[in-house]
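Hi everyone, thanks for making time for this.

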Amino acid sequence: MAPDRRPYASLRHTGFRRYALGMFVSLVGSQMQNTAIDWHVWVLTGSPLALGAVGLVRFVPIVFFSLAGGLVADRYDRRRVLLAAQGAMLASAAALAFLTLTGRVNVGAIYGLTAVTAPGAGAAAASAVLALRSLPRRQGRLLLGAVAVYGAATAVFGLSRSFALTLGALMLVGATDTVSTVVRQTVRSLATPDALRGRMTSVNQIFVQGGPQLGEMEAGLVASLFASAAIGVTVAVVSGGVATALVAAAVAWKAPSLVRYDVENAVPEARAADPEGP
């Protein structure tokens with residue numbers, strides 16, 4: 001029987017619908033919390049460097065706890081690990097809300113609770129590994145294209161002084177980041193034995209979650225080098241976006257095999273699981 005390749009066919013499964021809804025709520029909440037934390041640190045300090053340090057605070061726990069989280073996800077029931085990790089993130093958010101509403105919050109408390117959230121997020125990601133097998137062909141080309149557009153849209157965002165253009169650039173940043181994330185996660189899951197997927201994901205999380213946090217620290221450092229905060233922020237954002245697009249172009253030039261990469265040709269298990277092809 002030919003596989004069902006309609007884009008929303010997976011939503012016919014009750015378990016996947018519940019998972020998708022739960023992750024949607026969790027991710028939206030996490031993004032709202034991250035934005036609020038960055039804004040609050042800026043209000044309390046007015047320092048680009050202190051704002052960039054939020055990324056460093058998130059990065060360090062990811063490096064030290066992601067590998068352990070992956071091992072736990074492989075050795076224990078992933079559903080329970082996921083629930084425990086989400087519970088820790090919820091408790092951290094509740095504590096931050098309490099301190100803020102009672103006027104007791106300070107930068108140190110924000111840093112500490114942000115660090116607690118980062119180990120929870122790493123363990124949650126290591127537990128929630130799914131292989132969505134309906135992918136377009138040549139995933140390598142799609143991935144590099146999405147990363148290049150992501151970088152270009154980030155640069156446009158940094159240069160924009162128009163609300164409409166800024167909003168459009170942010171929407172494009174989010175869309176292309178989603179595309180590259182789904183492609184990478186699916187290809188990795190298909191290419192990794194189930195017994196090792198938690199550990200594989202934990203190693204990946206160091207780069208996927210830790211990399212952007214180091215980028216925040218770098219952006220804060222670059223912004224702090226300029227006398228004008230507005231100019232410094234613009235330079236930090238635009239330079240990061242341009243560098244991302246250039247790296248994607250360089251990888252495509254130096255590694256043409258990646259442009260042609262297709263998981264069904266590279267991983268026999270993927271072809272066996274979907275013998276009809278696209």
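**A first look inside**

Let's begin with the inside: of the 278 residues in the protein, 36% are buried. Please keep in mind that this is a predicted model.

Now for the overall build. The protein has 12 helices and 0 strands, so if you read the elements from the N terminus on, you get α-α-α-α-α-α-α-α-α-α-α-α. As for contacts between residues at least 6 apart in sequence, 77% of them join residues at least 24 apart.

Which residues have the most contacts inside the largest nonpolar core? They are Ile37, Val41, Val54, Leu96, Ile110 and Tyr111, in a core of 13 residues. Helix 1 (14-45), helix 2 (48-75) and helix 4 (107-127) are the elements that each supply two or more residues to this core. Helix 4 contributes the most, with 5 residues.

Let's zoom in on Leu96. Leaving aside residues up to four places away in sequence, Leu96 touches Gln33, Ile37, Val105, Ile110 and Leu113. Another core lies apart from the largest one; this one has 5 residues, including Leu143, Val187, Leu190 and Val263. As general background, nonpolar side chains tend to be buried together in soluble globular proteins.

What about the rings? There are 0 aromatic pairs in the structure. Still, have a look at Trp253: the charged end of Lys254 sits over its ring, 4.6 Å from the centre.

The accessible surface of the protein is about 15,600 Å², and carbon and sulfur atoms account for 70% of that.

How values were computed. Residues are numbered from 1 along each chain as its sequence is written. This is a predicted model: local features need pLDDT of at least 70, side-chain atom pairs count only at pLDDT 80 or more; totals for chains, interfaces and linings use all residues. Side-chain values use heavy atoms; hydrogens and water are left out. A nonpolar core is a set of buried Ala, Val, Leu, Ile, Met, Phe, Trp, Tyr and Cys residues joined through side-chain atoms within 4.5 Å. Buried means under 20% relative accessible area, exposed over 50%, partly exposed in between (1.4 Å probe, protein chains only). Helices (H or I, at least four residues) and strands (E, at least two) are DSSP runs, numbered from the N terminus. Contact means heavy atoms within 4.5 Å. Rings of Phe, Tyr and Trp (its six-membered ring) pair if their centres lie within 6.5 Å; planes under 30 degrees apart count as stacked, over 60 as edge-to-face and the rest as tilted. A charge sits over a ring if NZ of Lys or CZ of Arg is within 6 Å of the ring centre and within 35 degrees of the ring normal. Accessible areas come from the Shrake-Rupley method with a 1.4 Å probe; for residues, only the protein chains shown count as cover.
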